[in-house]
Amino acid sequence: MKLDLEGLRCEYLEDPIAVPAAAPRFGWKLAADAHNVLQASYRLQVSEDASFVRPFWDSGEQGSAESVCVAYGGPPLRARAPYFWRVKAKASSGGIDAESGWSAIARFETAMAKDEWEARFVSAEGEGSWVDSKGTRLRGEFKAGRGIAAARVYASALGLYELRLNGNPVGDEVLAPGWTSYGKRLLFQAYDVTSLVREGDNALCASVGAGWFKGDLAGWLGRRNVYGPRTALIAQLVIRYADGREERFCTDARWRCSDGPILYSEIYHGETYDARLEAPGWDLPGYDDSAWRPVEVLGLGREILEPADGLPVRRHEVFKPVSLVVTPKGERVLDFGQNMAGRVRFRVSGKTGDRVVIRHAEALDAQGNFYTANLRGAKARILYVLSGKGEERYEPTFTYMGFRYACVDEWPGEIDPAAFEAVAIYSDMEETGSFECSSPLLNRLHANIAWGLKGNFVDIPSDCPQRDERLGWTGDAQVFIGTAAFLMGTDRFYRKWLRDLAAEQLDSGGVPFVVPDVLAGLKSPDGKSYIPSHSSSGWGDAATICPWTVYARYADRAVLEEQYPSMRAWVEYMRGQARDGLVWETGFHFGDWVALDAKEGSYFGATPNDFVATAFYAKSAAVLAKAAAALGKGEDAGVYGALRDRIVEAFRREFFAPSGRIAVRTMTACVLALDFDLAPPQHRDRVRDTLIALIAENGGHLVTGFLGTPYLCRALTDAGAPEAAYSLLMREDYPSWLYQVKKGATTVWEHWDGLKPDGSMWSPDMNSFNHYAYGSIGEWLHSTVAGLSADEASPGYGRITFAPKPGGGLTRAKASLATVRGPASIEWRIEGGELVVDLKVPHNATASFVPPLPDAATLALGSGDHRFAYPWPSPD
C-alpha cells in the first residue's frame, strides 16, 4: 500500500496568516491505493524555517487516528511569526501497514497580539457626521528601506473599508471588516503586501463607508448609528527586513483625509458616486494633499480588536443579462436570470454630468412591471454621475443588493446589455456538497437552496438580502445549519457568528432574536414597555443546535468547548422560565412562524407556544447532554440527560391523553412530537397517522411554518411513512416546494405563496423571494433521497451513514460531499430490474450501509469504492 498525505490545512485554511497564536489546529487527508485504510498514528512538526533541521515542536509519534483539528501542543508561539509545518502518518489496510513520507511543507503565520497595536483609530468625520452616509478617504505616506523581506498590513474600521497601497488594491475581499457585535468584538484583517511595498516613498490609503456600524439598520424600526456616529480606520503596516529589523507605519495624527466621490452609501439603500470628484493619484506617493484636512484621532481603546475568525466576503459568480425587456409601464429592465446578493457593475461613456440610475428588485409583478414594494424601506438604488473622460467603469463599494432584475432609469444613449454584469458576493466558503437526481424540478429546487445560502451568507447568516432587514435571525440559522454544512464549508463561518451569539447573550442566558443584536432596548410606540428582542423558543435554540452541528460535521471540539457555557446558559434560562422547571409557557415566541394554519392576518402558526417551547426545551437539553458527554463532562451529561427525561415526562402528561391522542392537532405538533422523540413510544404510530390525516385533510399539502417544515419529511420517514414524505416533496401545486420552482423561482421563498397562483403577491410587508428557512428540506434530499449523512457518534464523518430510500418515482439520485477526511459519495439508479448503489468512503473513515430492503442487515464498510445491486421493480 502506498500512503500519502494531502489537503493540509491550518484552522481549515491553506497557508493562513493572522492565526491566533494560542493553539492552532491542523488537518490533513489520507491518499492511498487500497481499501479499508485507517490511520494508526501521526507525527507532526512545526518549524521556524523550511529546513526542519531543528523543529520548534515535534509531537513525536502519536498513536491516534486523529487527522482533523489536531491541536498544536508545543512551546508558546510568537506573535506575527511565520511557521512551517509538516506531518507523516502510519496507516493500516486489512493487516497491511504502511508509512507515509513527510507531507509537503505547509505554512501558517500567527496574528498580531493585542499589546502590539500602536496604530490609533483615525476619523475623517466630525461631530455632526451622524447624519452622513458619505464615503471618506484617508491617506498617509512612509518611506521603506532596502532589503524588504516581508510586509503585512493589519487593518480594521468602524464602518467598512478598502485599502490601497501605491495605487494598488490591498486584498480582494469586500465589506471588510464584516459585521460583528462591534461593542464587544471588532475583527481586523491581515494582508500580505510584500509585493506592493517598494524601497523609498510609499502611500497607504483607504476608503471608508458607513456600513453596519453607523448606517441604517432594522429599517422598519428606523435604527441608525447603532454602534456609533462616526466612521474610523485603524491600520498598522509592519515591514520586516532581511537583516531582522522591523519598521512600523501606523494610522495616527499625521494622516490626512477628505471627502471622496462616494456621496452616499448604505447597506440597504445603495450608493451615489460622482466620478467628477475623483482625484487621480490620491492613492500614490507624492500626491498633493495639502487641501485635505487632518484626521481626528479618536480616544478609543483597542482591546476589542481580534484577528478575523470567519471567512472574507468576496466576489464570486458573474452573470450577464439574459434579456432586456421593456415593461408595460415603459421601464427598461435587465434580467440576470438568477436571484442573488450582489451588485451590478457596468461600463459607460457619455458627457460630464450624465447620469446612470439603476434600481434593483427580485421580481416582476403579475403585469410584468418592476416590483419593489417588498423591499419596504430599502431603496436599493445606484446613482452614478459620469466624469465624461472616455469609457468609465463602476461597481458599488460599500453596499450590496438582493436582486435578479435591474431597472435602468437613466442611461446616456442606447442601453447595451453587454455593458452590464451582476456579480454575486458572499462569504468565501468552499462548495462541498452536491445533489442530482432524475427529476429536473428537484434539481432546480436544490440549486435554489444553494443560492438561498449564497444570498444570505454575506458574513452572517441573514434572513434575506433585499429588504431593510438582512439581520442574523437565530431561528433561520438553526433550522438551516444542517443543510448549509453539507452544501458549503461553513465551519469558520458559524464559529465567528456563534462567538457573537455568546457575546450578545444576556446574563440570564437569554438569546437575542438576531445576532449581532440590533433590536435590544427598543421601546413600544407609547414608550411604556420594551419590544421583545430575545429568547423565543426555536430561535434561542441556535445556541445549542448550531455548535453541536458544527462539531458533528467538522469534528471541531474547540467550538463545542468554547460555546459550552453559552449552551448551558440557554438551557438554564429555559429551566428558569418553565413551570416547575419543565413546561415552558411564558414569554414571547414566534412559534411556527408564517405557517399556513395561522389565523387570517397573522404570522403565528396554530401550534400553541407552550407546546413548541417545551418541545425545543427538551431538544436543547438533549443536545446539551450530548455535548457534555462529548467533552468528557460526565456529571453534566447525567444532569441534563435526566432533565431532558423529566421534560419529556411532563410534556407527555401535558400534551397526550392516556389513549395516545395528541392534544394539539396540528401538523407541526405531530412533527415535533415525532422528530424530537417526545411522543410516547407506544403511541408513535397514532401520532404519525394523525399527521398523515392532517395532510390528507389539506388536500395532500403541508401547512407547516418555519419550525415544522425543517423536520416534516424526516419525521414521516423515521415514523415509517417515507411515501408520505415523497408525496409532499413531489407535489407541484400550491403549497409545495416545487410550486415555487414551477413559478420560476431561482431561490427559496419566505412564504409558500410569495407569488400566488393568480400572479399576485403576498403582502409586501414581509415577502422575501430569497429566504432559506424552507430550504432546510435540502438535508432530507441529501440524507434520505440520496442517502448520505453523518453519524454523530463519530464526528467529522469519521463514520458515514448511507441509507437511501428510493421513492417518488425517481429512477436515480446521487450526492457527493468533500468531508474533512476526504470525498464521500453515493449514487443509486434503477435499471434493468435492479437497484444499483455505488458508494465511496474516504480514507480514515468507515461507513454503515443500510440497504433499502425490508429487514436488510446493515453492512459495515471501510474506505474505498463499493457497489451493491438488488432486484428492484421499475418505479412505473
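**Figure 1. Charged side chains over aromatic rings in the predicted model.** Lysine 454 is placed over the face of tryptophan 451, at 4.4 Å from the ring centre. The structure shown here and in the other views is a predicted model.

Figure 2. The structure contains 63 aromatic pairs. In one of them, the ring centres of phenylalanine 588 and phenylalanine 590 are 5.0 Å apart and the planes meet at 85°; because an angle over 60 degrees counts as edge-to-face, the pair is edge-to-face. Phenylalanine 588 is partly exposed, with a relative accessible area of 31%, whereas phenylalanine 590 counts as buried at 9% relative accessibility. Both rings belong to a cluster linked by ring pairs, which comprises Trp473, Phe513, Trp539, Phe588, Phe590, Trp593, Tyr603, Phe604 and Trp762.

**Figure 3. The pair formed by phenylalanine 651 and phenylalanine 656.** The centres of these two rings are 6.4 Å apart and their planes are at 55°, so the pair is tilted. Phenylalanine 651 is buried, with a relative accessible area of 1%. Phenylalanine 656 also counts as buried, at 8% relative accessibility.

Figure 4. Serine 207 belongs to strand β16, which spans residues 200-209. With a relative accessible area of 15%, serine 207 is buried, because the limit for this class is under 20%. Leucine 138 is 69 residues away from serine 207 in sequence, yet the two C-alpha atoms are 6.5 Å apart in space. When residues up to four places away in sequence are not counted, serine 207 touches Thr136, Arg137, Leu160, Tyr161, Glu162, Trp282 and Phe398.

**Figure 5. The largest cavity and its lining.** A search of the whole structure finds 2 cavities of 30 Å³ or more. The largest cavity has a volume of about 70 Å³. Its lining consists of Arg80, Glu109, Ala150, Ala151, Arg152, Tyr154, Val238, Ile239, Arg240 and Glu246. Strands β11 (148-158) and β17 (232-241) each supply at least two residues of this lining, and β11 gives the most, with 4 residues. By class, the lining of the largest cavity has 5 nonpolar and 5 charged residues, and no polar ones.

**Figure 6. The second largest cavity.** This cavity has a volume of about 30 Å³. It is lined by Trp179, Trp212, Tyr400, Val458, Ile460, Ser462 and Arg470. Of these lining residues, 5 are nonpolar, 1 is polar and 1 is charged.

**Figure 7. The second largest pocket.** About 1200 Å³ of space lies in this pocket. Its lining is made up of 44 residues, and those nearest the pocket centre are Lys619, Asp675, Arg714, Glu779 and Glu792. Several elements each supply at least two lining residues, namely α3 (474-487), α5 (542-554), α7 (609-630), α9 (667-675), α11 (709-718), α14 (778-786) and β38 (788-790). The most is given by α11, with 6 residues. The lining of the second largest pocket divides into 21 nonpolar, 10 polar and 13 charged residues.

Terms used
Residues numbered from 1 in each chain as written. Predicted model: local features only at pLDDT ≥ 70, side-chain atom pairs only at ≥ 80, totals over all residues. Heavy atoms only, no water. 1 Å grid on protein atoms, 1.4 Å probe; cavity = no way out; pocket = protein on both sides within 12 Å on 5 of 7 lines; lining within 4 Å. Points joined across faces, edges and corners; volume = space filled by probe spheres on them. Nonpolar A, V, L, I, M, F, W, Y, C, P; charged D, E, K, R; others polar. Phe/Tyr/Trp six-rings, centres within 6.5 Å; stacked < 30°, edge-to-face > 60°. Buried < 20%, exposed > 50% of the residue type's maximum accessible area, 1.4 Å probe, protein only. Lys NZ or Arg CZ within 6 Å of the ring centre and 35° of its normal. Contact = heavy atoms within 4.5 Å.
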